[in-house]
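Hi everyone, thanks for coming. Let me walk you through a structure that may be new to you.

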Amino acid sequence: MKEQPPQWSEAFNSSPFMKPRFTEQMKQDIMNKTKQRPQAKEQRSFLWIPAMAILVVVSAIIVFVLLPKSVTEQGPYPTSAALTDPWTARMEYRLHNQTLFTIFPDPNLTAGKPFGYMIHFTAPFDTFAGNQIAISAYHQETGMRVIALPPQTITQPSSGYPGLERFTTTFALPLGGMWRYEVLVNNQLYGDVVLSVAEPSWMVTPTFELPYISGDGKNASYILVGEKGKAGFIVGPYLNEKGMKLDQQPILAGKGSKYMWHLWGSEQELEGEFKVMAVKQGSTELIQVFSTSQLGGGLNGADRTAVSSMSFPEPGRWRLMAYVNDRLLNSIVVDVVSNS
């Protein structure tokens with residue numbers, strides 16, 4: 001039977017150095033010397049210097065290991081950046097001059113929509129085999145925490161590689177700015193990086209048509225705002241108060257209105273709680289405008305649907321972000337007009 005890899009909790013009991021610098025024999029030698037009787041002055045002076053040097057090294061290691069996170073700001077793996085500014089942008093995480101991993105984001109990394117990441121881990125595969133990897137992201141300005149990658153059990157190396165040299169994942173972040181990505185192994189901090197995420201465009205999202213067969217058997221189309229094949233909600237056509245048929249219903253501030261969401265994706269991607277968060281242009285405050293414990297079935301060619309009632313507190317340009325199980329699918333920019 002193949003030998004099982006050591007648990008990650010056991011790895012924390014080992015020396016943080018690649019090769020041991022302070023051995024058990026050295027520890028015993030120091031303890032034995034402290035029990036010996038005083039020797040001649042010349043001999044004591046000769047032995048005192050290396051013994052004190054070793055004790056200084058040991059004390060430094062012990063103090064370093066026991067430092068609280070508030071001191072290092074990096075958990076058990078402090079970096080040189082942590083000693084100056086923990087929010088300095090850096091793509092790699094280093095421990096004792098050794099790179100543990102490097103994160104390569106999509107060059108067009110922008111908030112509000114999913115982007116891909118490739119992580120190059122340098123440790124051998126046995127370090128991760130059978131363990132769980134997760135990623136949490138923290139926003140510098142607001143302190144917001146996002147579960148970027150839920151815990152994922154590692155069962156095989158990257159395709160074509162002996163280890164996790166090409167670990168890939170895709171997720172979205174809701175706001176632009178500086179984000180700290182914490183990589184966790186079995187819920188223990190393995191290391192972190194800091195990346196700058198570009199602000200998304202605030203251009204109003206265009207509409208698209210979604211054909212359907214009306215009750216009388218005729219061809220018709222709904223007007224949705226969003227992106228076909230990802231997420232959108234119906235805004236027209238509709239009849240205004242004067243009986244005029246318009247392509248798009250205005251979104252009024254302070255008034256709850258019903259909208260039917262249409263979503264596309266795999267069964268796994270669309271399983272779980274659905275919620276819509278919104279942020280106004282010029283602000284970083286996210287508000288929840290709708291949530292439901294689960295999505296409805298497919299309709300009009302979409303994989304899943306949801307009937308929602310959404311209300312916005314004030315007029316302006318708003319970004320709506322659709323989440324399933326806290327995973328951001330896409331964002332939609334709309335204009336909310338005054339209700340007066």
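Let's start with phenylalanine 101, which is buried, at a relative accessible area of 0%; buried means under 20% relative accessible area, with a 1.4 Å probe and protein chains only. Before I go on: this is a predicted model, where local features need pLDDT of at least 70, side-chain atom pairs count only at pLDDT 80 or more, and totals for chains, interfaces and linings use all residues. Residues are numbered from 1 along each chain as its sequence is written, and side-chain values use heavy atoms, leaving out hydrogens and water.

Phenylalanine 121 also counts as buried, at 1% relative accessibility. Now, how many aromatic pairs does a search of the whole structure find? It finds 17, where rings of Phe, Tyr and Trp (its six-membered ring) pair if their centres lie within 6.5 Å, and planes under 30 degrees apart count as stacked, over 60 as edge-to-face and the rest as tilted. In one of them, the ring centres of phenylalanine 101 and phenylalanine 121 are 5.7 Å apart with planes at 50°, so this pair is tilted. Phenylalanine 101 sits in strand 2 and phenylalanine 121 in strand 3, so the pair ties together parts 20 residues apart in sequence. Strands here are DSSP runs (E, at least two residues), numbered from the N terminus.

Phenylalanine 121 forms another tilted pair with tyrosine 190, at 6.1 Å centre to centre and 55° between the planes. Tyrosine 190 lies in strand 8, 69 residues away from phenylalanine 121, and is buried too, at 3%. One aromatic cluster includes Phe101, Phe121 and Tyr190.

Terms used
Helix = DSSP H or I, 4+ residues; strand = E, 2+ residues; numbered from the N terminus. Buried < 20%, exposed > 50% of the residue type's maximum accessible area, 1.4 Å probe, protein only.
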